[in-house]
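Subject: Structure handed over, with notes on what was found

Dear colleague,

Please find the sequence and the structure below, followed by notes written for a first reading.

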Amino acid sequence: MPSGKVHSIACLAVAGVSTSATFLLGGNIEQSFAIGAGAVSGILISPDYDCDAGFIGDRIIRKYFGLIMEKAIDLMLYPYRKIFRHRGFWSHFPIISTLIRLLYLSIWIGPIVYWLGVWKWHPWMAWWVGGLMLSDAVHGALDWADEFLFRGRL
């Protein structure tokens, strides 16, 4: 399996390419930024939520938000890890896995957002989800390439 560092670099590359391509193909600044932000979000909203050993997002959360937040998120993701097998279809197949992960997160975050009264739909959110889907597709391609082409050396 490629390291978290490889996946993170890939997310940043997807963000740069997708932001530039969206703008050059006629998208506005808001759409371009949203698709890039969605791709970068792939570092924390990762298909590797299904790893029992954690994923690179755990280290990022611990570094910037502390050990308590990391453990709280780890506890929140525990059921997800038990439901979905690592690198399985439902956790790593582009588009489907992204939507499943966002639905799972909304079960936890939705009530808080509703209670705070801060939810409002914005058109850029669809572009953000598109960027996350692109990032997930590259994540899956890297996992596949590592397994079948590089024999675990990526």
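The residues that line the second largest pocket divide into eight nonpolar, eight polar and two charged, where Ala, Val, Leu, Ile, Met, Phe, Trp, Tyr, Cys and Pro count as nonpolar, Asp, Glu, Lys and Arg as charged, and the others, Gly among them, as polar. Before going further, please note that this is a predicted model, in which local features need pLDDT of at least 70 and side-chain atom pairs count only at pLDDT 80 or more, while totals for chains, interfaces and linings use all residues. Residues are numbered from 1 along each chain as its sequence is written, and side-chain values use heavy atoms, with hydrogens and water left out.

The pockets

Rolling a probe the size of a water molecule over the atoms shows where empty space is left. Here a pocket is an open set of points on a 1 Å grid over the protein atoms alone, where a 1.4 Å probe fits and protein lies on both sides within 12 Å along at least five of seven lines, and lining residues have an atom within 4 Å of a point. The points are joined across faces, edges and corners, and a volume is the space filled by probe spheres set on them.

The second largest pocket has a volume of about 180 Å³, and of its 18 lining residues, Gly4, His7, Asp48, Phe55 and Ile56 lie nearest its centre. Helix H1 (4-24) and helix H3 (56-65) each supply at least two residues of this lining, and the largest share, four residues, comes from H1; helices in these notes are DSSP runs (H or I, at least four residues), numbered from the N terminus.

The largest pocket holds about 700 Å³ of space and is lined by 24 residues, of which Leu102, Leu105, Ile109, Trp119 and Trp128 lie nearest its centre. The elements that give two or more residues to this lining are helix H4 (67-83), helix H6 (96-116) and helix H7 (124-148), and H6 gives the most, with eight residues. The lining of the largest pocket divides into 21 nonpolar residues, two polar and one charged.

Aromatic pairs

A pair of aromatic rings is described by the distance of the centres and the angle of the planes. Rings of Phe, Tyr and Trp (its six-membered ring) are paired here if their centres lie within 6.5 Å, and planes under 30 degrees apart count as stacked, over 60 as edge-to-face and the rest as tilted. By this rule there are eight aromatic pairs. The rings of tyrosine 80 and phenylalanine 84 have centres 4.6 Å apart and planes at 45°, so this pair is tilted. Both tyrosine 80 and phenylalanine 84 are buried, a word that means under 20% relative accessible area, with exposed meaning over 50% and partly exposed in between (1.4 Å probe, protein chains only). Ring pairs also link Tyr49, Phe55, Tyr80, Phe84, Tyr104 and Trp108 into a cluster.

Tryptophan 144 and phenylalanine 148 form another tilted pair, with 5.5 Å from centre to centre and 45° between the planes. These two are separated by about one helical turn, because they are four residues apart in helix H7. Tryptophan 144 is partly exposed at 47% relative accessible area, and phenylalanine 148 is partly exposed at 42%.

How far apart are the end C-alpha atoms of helix H2? They are 18 Å apart, which agrees with the 18 Å that its 13 residues (29-41) should span at 1.5 Å a residue, since the expected span is 1.5 Å times one less than the number of residues. The buried residues of H2 are Ser32, Ala34, Ile35, Gly36, Gly38, Ala39 and Ser41, and what covers them includes H1 and H7.

Serine 135, in helix H7, is buried at 2% relative accessibility. Leaving out residues up to four places away in sequence, serine 135 touches Cys11, Val14, Ala39 and Gly42, where contact means heavy atoms within 4.5 Å.

Proline 47 is found in the loop between H2 and H3 and is buried at 1% relative accessibility. Although proline 47 and histidine 139 are 92 residues apart in sequence, they are 7.6 Å apart in space, C-alpha to C-alpha.

Best wishes
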